[in-house]
Amino acid sequence: MTAKPETKFWKKLKSLIPEIHWTRIESTSSPGVPDLHGVYPTDWGYSISFWVELKCSEMKKVRLTPRQISWNFSYNKAGGNNFILVENLSNRAIYIYSGSEVRELCIKGLLHPPLLHCPSVNQVMHLFQLLAS
């Protein structure tokens with residue numbers, strides 16, 4: 001059985017960023033809750049907690065359910081740290097969006113300007129270093 005693209009994306013992320021304590025969430029009881037919860041220890045003695053929704057796209061369109069859109073938007077509006085990480089399967093680039101941008105991302109897809117664009121998953125650690133600064 002072949003792994004789904006999002007499962008492969010998760011495994012790459014986990015192996016490349018072991019500094020983050022990752023918890024993968026696979027919940028059918030709470031639709032809309034993101035795929036990952038992460039805790040990143042900073043150099044200043046405190047940690048940053050955040051949620052990540054993983055998506056893979058072969059084209060510019062990013063498919064998000066209404067519950068994912070609602071959860072990400074309302075959590076971010078309440079002051080939470082949450083992101084949508086999209087891997088473009090055609091070139092392996094990573095697009096990182098704030099949860100506050102979830103509605104625009106759903107409408108415009110990868111044409112919507114990301115917080116950060118990484119040519120590969122290897123460079124995603126840069127986002128977490130920015131968060132900690």
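Modeller: Before we start: helices and strands here are DSSP runs, numbered from the N terminus. And keep in mind that this is a predicted model.

Biologist: Fine. How much space lies in the largest pocket?

Modeller: About 340 Å³. The lining has 16 residues, and Lys4, Glu6, Thr7, Arg24 and Asp35 are the closest to the centre.

Biologist: Which elements give two or more residues to that lining?

Modeller: Helix H1 (5–16) and strand S3 (47–57). The largest share, four residues, comes from S3.

Biologist: And how do the lining residues divide into nonpolar, polar and charged?

Modeller: Seven are charged, five nonpolar and four polar.

Biologist: OK, the core now. In the largest nonpolar core, which residues touch the most other members?

Modeller: Leu13, Trp22, Phe50, Leu54, Leu85, Ile96 and Val124, out of 21 residues in that core. H1, S3 and strands S2 (36–41), S4 (82–88), S5 (94–98) and S6 (116–118) each supply at least two residues. S3 has the largest share here, with four residues.

Biologist: What does Val124 touch?

Modeller: Leaving out residues up to four places away in sequence, Val124 touches Leu13, Ile17, Leu85, Ile94, Ile96 and Cys118. There's another core apart from the largest one, with 11 residues, including Val62, Ile84, Tyr95 and Val102.

Biologist: Is Cys56 buried, exposed or in between, and what's the relative accessible area?

Modeller: Cys56 is partly exposed, at 22%.

Definitions and conventions:
Residues numbered from 1 in each chain as written. Predicted model: local features only at pLDDT ≥ 70, side-chain atom pairs only at ≥ 80, totals over all residues. Heavy atoms only, no water. Buried < 20%, exposed > 50% of the residue type's maximum accessible area, 1.4 Å probe, protein only. 1 Å grid on protein atoms, 1.4 Å probe; cavity = no way out; pocket = protein on both sides within 12 Å on 5 of 7 lines; lining within 4 Å. Points joined across faces, edges and corners; volume = space filled by probe spheres on them. Nonpolar A, V, L, I, M, F, W, Y, C, P; charged D, E, K, R; others polar. Core = buried A, V, L, I, M, F, W, Y, C linked by side-chain atoms within 4.5 Å. Contact = heavy atoms within 4.5 Å.
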